[in-house]
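Subject: Model handover

Hello,

Here is the model I promised to pass on. Please have a look at it first; my notes follow below.

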There are 2 protein chains.
Amino acid sequence: MEKPYVIGMDMGGTNTVFGVVDTRGNVISKSAVKTSSHPEDINLYINDIYVELMKLIEAAGGIEKFKGIGIGAPNGNFYTGNIEFAPNLPWKGVIPFSKLISEKFGIPAALTNDANAAAVGEMTYGAARGMKNFIMITLGTGVGSGIIIDGKVVYGHDGFAGELGHTNAIRNNGRLCGCGKSGCLETYCSATGVARTAREILESTKQDSLLRNVPVEDITSKDVFEAAMEGDEVAKEIFNFTGKILGESLADFVAFSAPEAIVLFGGLAKAGDLILNPIKENMEKNLLPLWRGKIKLFFSDLKEADAAVLGASALGWEI
Amino acid sequence: MEKPYVIGMDMGGTNTVFGVVDTRGNVISKSAVKTSSHPEDINLYINDIYVELMKLIEAAGGIEKFKGIGIGAPNGNFYTGNIEFAPNLPWKGVIPFSKLISEKFGIPAALTNDANAAAVGEMTYGAARGMKNFIMITLGTGVGSGIIIDGKVVYGHDGFAGELGHTNAIRNNGRLCGCGKSGCLETYCSATGVARTAREILESTKQDSLLRNVPVEDITSKDVFEAAMEGDEVAKEIFNFTGKILGESLADFVAFSAPEAIVLFGGLAKAGDLILNPIKENMEKNLLPLWRGKIKLFFSDLKEADAAVLGASALGWEI
């Protein structure tokens with residue numbers, strides 16, 4: 001008999017969420033553990049997962065009903081199944097995570113990075129269903145990407161393809177990035193990038209703004225969003241600037257792989273047209289004429305909480 | 001019996017070169033016609049090709065020995081077999097070139113753009129033989145690219161993927177490009193881009209240079225190369241500037257598809273280390289740490305005259 005379930009697991013810096021998913025993409029049950037309770041020993045963390053996840057597995061009829069475990073993890077490498085030098089996780093170096101999980105549960109496991117998992121989720125269950133060529137951009141604390149060409153995730157020679165958050169948005173004197181380079185797209189278009197833009201604009205002008213009610217060091221992208229919704233001009237200028245940088249970059253990505261669509265995903269989606277309009281305008285302006293008006297651009301309609309688990313789970317069917 | 005030959009055809013703005021190629025990549029015979037003798041009627045041009053090419057085909061034992069015809073052409077679309085709105089050809093609009101050639105010769109034909117054909121040639125017969133992930137950058141009158149992922153050319157949703165010459169090298173106030181945009185990589189790193197840089201530097205400084213012996217409007221990239229070989233400082237500065245822009249762009253391309261290698265091809269290759277060193281230095285500086293020192297960068301060793309025909313011919317085997 002076909003096994004009816006897979007596990008999708010999304011490892012974040014704070015929480016690790018996992019769920020039982022059926023063939024139609026329903027999340028049957030879901031649970032989570034803290035990612036960093038055991039910085040000293042990853043086996044204790046895996047044990048936490050085992051205890052929680054086995055409850056869901058037993059409730060679904062036992063491990064023999066499960067085809068595999070798909071995992072999305074920061075710096076996850078599909079080819080090796082390892083998590084390699086992830087700056088936001090407590091365990092350093094190279095972790096053979098897919099192997100550890102597979103051995104613990106006794107079924108196959110596959111792993112990729114979180115943005116690739118989100119792209120697979122979008123292709124399997126989201127608005128990009130049926131699309132064979134699209135690019136997923138995840139706008140969160142950082143900027144990630146998952147690139148789909150001919151219906152498959154692009155992994156490249158070493159498994160690390162699709163680091164579009166670290167392409168040069170501003171050459172020479174760009175903002176310093178956590179990766180050690182400067183001018184990376186992520187330093188402008190992530191949630192933290194938006195907050196950084198807010199601070200720069202507030203400190204370099206005297207313009208009135210609702211954002212001046214918040215101590216400048218504490219401003220978040222959420223504050224900017226809320227101010228923009230109330231018509232604050234400075235907040236709108238911040239989104240226009242962010243959208244300009246991102247739109248220009250998206251045009252370059254189109255020139256690379258000529259996708260049918262670019263799908264945006266993550267926290268910034270809440271800003272809706274306030275951010276989508278300047279992105280679209282600046283992308284169009286920078287496209288070759290042959291692509292103008294032809295590249296779809298939209299926010300993912302997958303629920304953020306489910307998308308990562310769903311995306312990771314899609315990997316579970318392929319092993 | 002396996003058919004032992006294919007035709008490779010490379011259509012340029014001036015000449016159309018074609019040759020008989022065997023399974024081992026030997027160009028058995030070669031000939032050419034002018035591309036633009038018949039701007040009024042493409043059928044007369046196809047007839048010119050037929051007359052010349054049939055001589056080679058007969059000498060090789062007749063059309064029944066040929067598996068197919070592979071064509072590299074500007075703005076050639078692999079999916080449709082059409083040449084679409086090529087600015088440098090005399091026939092306008094959409095030309096069903098693959099169909100016209102196939103009907104004329106009575107064997108299958110396939111078509112792609114010239115940079116993709118060069119990439120296929122490099123993968124089949126060149127230094128990238130055996131590589132499944134690399135990017136070919138053609139540096140000529142323009143800047144073209146052919147992207148190979150998992151052993152296949154990336155065509156994208158519409159067949160036009162790989163327009164890396166039209167990614168933004170300089171945002172805001174970049175050089176105006178023939179495509180209508182500004183700041184395109186091609187405006188800096190093509191042969192004409194190098195000549196443009198030479199004029200800008202000579203006009204904005206008073207520095208002594210061998211290049212001042214040439215009327216500034218007539219300077220070509222060849223003049224720059226010759227001056228650099230004689231140790232001219234301005235000429236070296238021109239190559240350093242060109243290499244910086246290209247190296248920064250290459251780092252972004254690596255972040256997209258994580259290739260094993262980037263292969264450079266075309267006229268600028270003659271400048272050797274004078275251009276390769278600054279490209280490499282600036283690419284390395286802009287790579288994520290995980291890729292530093294790991295991405296091969298070299299000039300194609302295929303003879304320029306043969307590579308386009310060989311590359312196009314490789315398509316002939318696949319139909």
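Let me start with a pair of helices. Helix H5 (residues 191–204) of chain A packs against H7(A) with an angle of about 125° and with the two axes 10 Å apart. That angle makes H5(A) oblique to H7(A). The crossing of H5(A) and H7(A) is right-handed. From H5(A), the contact draws on Val194(A), Thr197(A), Ala198(A), Ile201(A) and Leu202(A), and from H7(A) on Val234(A), Glu237(A), Ile238(A), Phe241(A) and Thr242(A). By class, the residues of this contact divide into 7 nonpolar, 2 polar and 1 charged.

A word on provenance and terms before going on. This is a predicted model, in which local features need pLDDT of at least 70 and side-chain atom pairs count only at pLDDT 80 or more, while totals for chains, interfaces and linings use all residues. Residues are numbered from 1 along each chain as its sequence is written, and chains are lettered from A and ligands numbered from 1 in the order in which they are written.

The terms I use are these:
- Helices (H or I, at least four residues) and strands (E, at least two) are DSSP runs, numbered from the N terminus.
- Axes are lines fitted to C-alpha atoms, for helices over the stretch in contact, and angles run from 0 to 180 degrees between N-to-C directions.
- Angles under 35 degrees count as roughly parallel, over 145 as roughly antiparallel, 65 to 115 as roughly perpendicular and the rest as oblique.
- A crossing is left-handed if the near helix is turned anticlockwise from the far one by less than a right angle, and right-handed if clockwise.
- Two residues are in contact if their C-beta atoms, placed from the backbone, lie within 7 Å.
- Ala, Val, Leu, Ile, Met, Phe, Trp, Tyr, Cys and Pro count as nonpolar, Asp, Glu, Lys and Arg as charged, and the others, Gly among them, as polar.

H7(A) has another helix packed on it. Helix H6 (residues 221–229) of chain A meets helix H7 (residues 233–257) of chain A at an angle of about 120°, their axes lying 7 Å apart. This makes H6(A) oblique to H7(A), and the crossing of H6(A) and H7(A) is left-handed. Val224(A), Ala227(A) and Ala228(A) of H6(A) make the contact with Ala235(A), Lys236(A), Ile238(A) and Phe239(A) of H7(A). The classes here are 6 nonpolar, no polar and 1 charged.

In total, 31 residues of chain A are in contact with 30 residues of chain B. On the chain A side, strand E9 (143–149) and H7 each supply at least two residues, and the largest share, 6 residues, comes from H7(A). The chain A residues that touch chain B divide into 15 nonpolar, 9 polar and 7 charged.

Now the sheet. Chain A has an open sheet of 5 strands in the order E10-E9-E8-E11-E12, with mixed pairing (two strands pair if DSSP finds at least two bridges between them). Strand E10 (152–153) and strand E12 (296–299) of chain A are at the edges with a single partner strand each, so one side of each has no neighbour in the sheet. Strand E8 (residues 134–139) and strand E11 (residues 261–265) of chain A run parallel and are joined by 5 bridges, and Phe134(A) has Ala261(A) as its bridge partner in E11(A). Helix H3 (residues 114–125) of chain A packs on the sheet and touches E8, E9, E10 and E11 of chain A, its direction making about 50° with that of E9(A).

In chain B, E8(B) and E11(B) pair in the parallel sense over 5 bridges, and E11(B) pairs with E12(B) in the parallel sense over 4 bridges. Ala261(B) is the bridge partner of Phe134(B) in E11(B), and Lys296(B) is the bridge partner of Ala261(B) in E12(B).

Two backbone details to finish. Phe85(A), though not a glycine, has a positive phi of about 55°, and its place is the loop between strand E5 (83–84) and strand E6 (94–95) of chain A. Asn173(B), likewise a residue other than glycine, has a positive phi near 60°, and lies in the loop between strand E10 (152–153) and helix H4 (186–189) of chain B.

Best wishes
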